[in-house]
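Dear colleague,

Please find below the structure that I am handing over to you. My notes on what was found in it follow directly after.

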Amino acid sequence: MYAQMVKSTGRGVKSPEEMTPEERAFQARIDADEKIEPRDWMPDGYRKNLIRQIGQHAHSEIVGQLPEGNWITRAPTLERKMILLAKVQDEAGHGLYLYAAAETLGVSRDAMTEDLLSGRMKYSSIFNYPTLTWADMGAVGWLVDGAAIMNQVPLQRTSYGPYARAMVRICKEESFHQRQGFDIMMKMAQGSPAQKRMAQDALNRFWYPSLMMFGPSDATSVHSAQSMAWRIKINSNDELRQKFVDQTVPQAEYLGLTVPDDGLAWNAEKGGYDFTEPDWEEFFAVLKGDGPCNAERLQARQKAWDDGAWVREGLLAHGRKRRAAGIAAQ
Amino acid sequence: MSDEWPLWEVFVRGRHGLSHRHVGSLHAPDAETAIRNGRDVYTRRNEGVSIWVVEARHISATAPGDKGPLFEPSEDKVYRHPSFYDIPDDVGQM
Ligand SMILES: [Fe+2]
Ligand SMILES: [Fe+2]
């Protein structure tokens, strides 16, 4: 998902007998659906795992602004431009809420940014694909935000209080994102033959990368098992992917577009669609840095970080000077 | 000393007549900018009519371990609640 392959302790879930009394009490709180708050005792692994997951999620929101930011100046109407601007601004806010949640675990914002820029921390593979036409703005809102919602809605119930609260805010804002995307797709699909071709082309290019957002099957992953025991992961990747396909295929039909999968078929027995898995080789390559836009995305973040340095430093110095002089806000 | 902008906690009054409520945090170089950024981040959809910002380091808080000694004593003081008292129906509204 926005946090696709988060490593946990890698040791598997401890049995109650293997746990220390503190760990046992902690697990009991989680099992009782209590929220863990920043200053509560928590196992080291829980803290590290969460920093990785929330950090990856935050980076995805921020890097995720780039493919859509690409079209703000070229939106077809002033209204579309304002909508896209508002949507991209929301994503900046999502990044902020999540960075703030991660910071409550004792990691600094700057450290996370540096880890993103050095490649030590990842962001979702989906944002390493280019947005080539205006129809891509439709496909991104409809499919990418749609897939994100699928994952974020259950995370509102995650065990870590600040993360859960950030998710509540984010989910409130996300449904506008998906709907504005679908709205673009409707316009294009009902437009001229050339517009409809663009819509179909956007669906063709974003379908499998969207399925990859859920990450490879994690039915046997020890990392996922631990994350689930700690309730920082609620559903398996396959479960969410299936849900996404089942929800999205009828929407594509409504648009009169074709999902680019010859293997797609309704399976009455399971009450869901059978579909072709994305190319996981491609997924791992993109995650490793070999996607079509990895270098460009990181360059853009690096440039923003470097070019903004004088502003950060200048305002910090100014703030310190004012504080020293005893000048309050107003 | 850290070169990060200080952390601020943001409180928003949702509607006239309500208290300010904590909505989240942000980094800002000074109070003025914290308010301005708080407005951009936390009130983009009519969520507020007033904002407070407080630098996080100025907030004192109870420790998780104090929960028992601080809050449990009130648990057995049921007589502080109106439901503790049985008033006959005949008395009427009270
Ligand atoms: Fe988002
Ligand atoms: Fe979004």
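**Thr158(A) and its surroundings**

Not counting residues up to four places away in sequence, Thr158(A) touches Lys35(A), Tyr163(A), Ala164(A), Arg231(A), Ile232(A) and Ile234(A), where contact means heavy atoms within 4.5 Å. Thr158(A) is placed in the loop between helix 6 and helix 7 of chain A; helices (H or I, at least four residues) and strands (E, at least two) are DSSP runs, numbered from the N terminus. With a relative accessible area of 0%, Thr158(A) is buried. Here buried means under 20% relative accessible area, exposed over 50%, and partly exposed in between (1.4 Å probe, protein chains only).

**Basis of the values**

This is a predicted model, in which local features need pLDDT of at least 70 and side-chain atom pairs count only at pLDDT 80 or more, while totals for chains, interfaces and linings use all residues. Residues are numbered from 1 along each chain as its sequence is written, chains are lettered from A and ligands numbered from 1 in the order in which they are written, and side-chain values use heavy atoms, with hydrogens and water left out.

Donors are N, O and S atoms within 2.8 Å of the metal (3.2 Å for Na, K and Ca); water is not among the atoms, so sites may look incomplete.

Glu91(A) lies in helix 4 of chain A and His177(A) in helix 7 (residues 161-189) of chain A, so the pair ties together parts that are 86 residues apart in sequence.

Glu91(A) bridges the two iron ions, ligand 1 and ligand 2, which lie 3.3 Å apart. Glu91(A) and His94(A) are separated by about one helical turn, because they are three residues apart in helix 4 (residues 78-103) of chain A. Glu91(A) counts as buried at 3% relative accessibility, and His177(A) is buried at 0%.

**Aromatic rings and charges**

Over all chains, a search of the whole structure finds 15 aromatic pairs. One of them joins Trp266(A) and Tyr273(A) edge-to-face, at 4.9 Å centre to centre and 80° between the planes. Rings of Phe, Tyr and Trp (its six-membered ring) pair if their centres lie within 6.5 Å; planes under 30 degrees apart count as stacked, over 60 as edge-to-face and the rest as tilted. Tyr273(A) counts as buried, at 11% relative accessibility. Ring pairs also link Phe26(A), Trp41(A), Tyr46(A), Tyr160(A) and Trp230(A) into a cluster.

Arg74(A) lies over the face of Trp71(A), 4.4 Å from the ring centre, and the charged end of Arg312(A) sits over the ring of Trp305(A), 3.7 Å from its centre. The criterion is NZ of Lys or CZ of Arg within 6 Å of the ring centre and within 35 degrees of the ring normal.

**Interface and backbone**

Between the chains, 26 residues of chain B are in contact with 24 residues of chain A. The area buried between chain B and chain A is about 2200 Å², and carbon and sulfur atoms give 49% of that area. Buried area is the accessible area (1.4 Å probe) that two parts lose on being put together, summed over both. In chain B, Glu4(B), Trp5(B) and Arg44(B) lose the most area to chain A, together 25% of what that side buries.

Asp33(A), in the loop between helix 1 (21-31) and helix 2 (44-63) of chain A, has phi near 70°, a positive value in a residue other than glycine.

Yours sincerely
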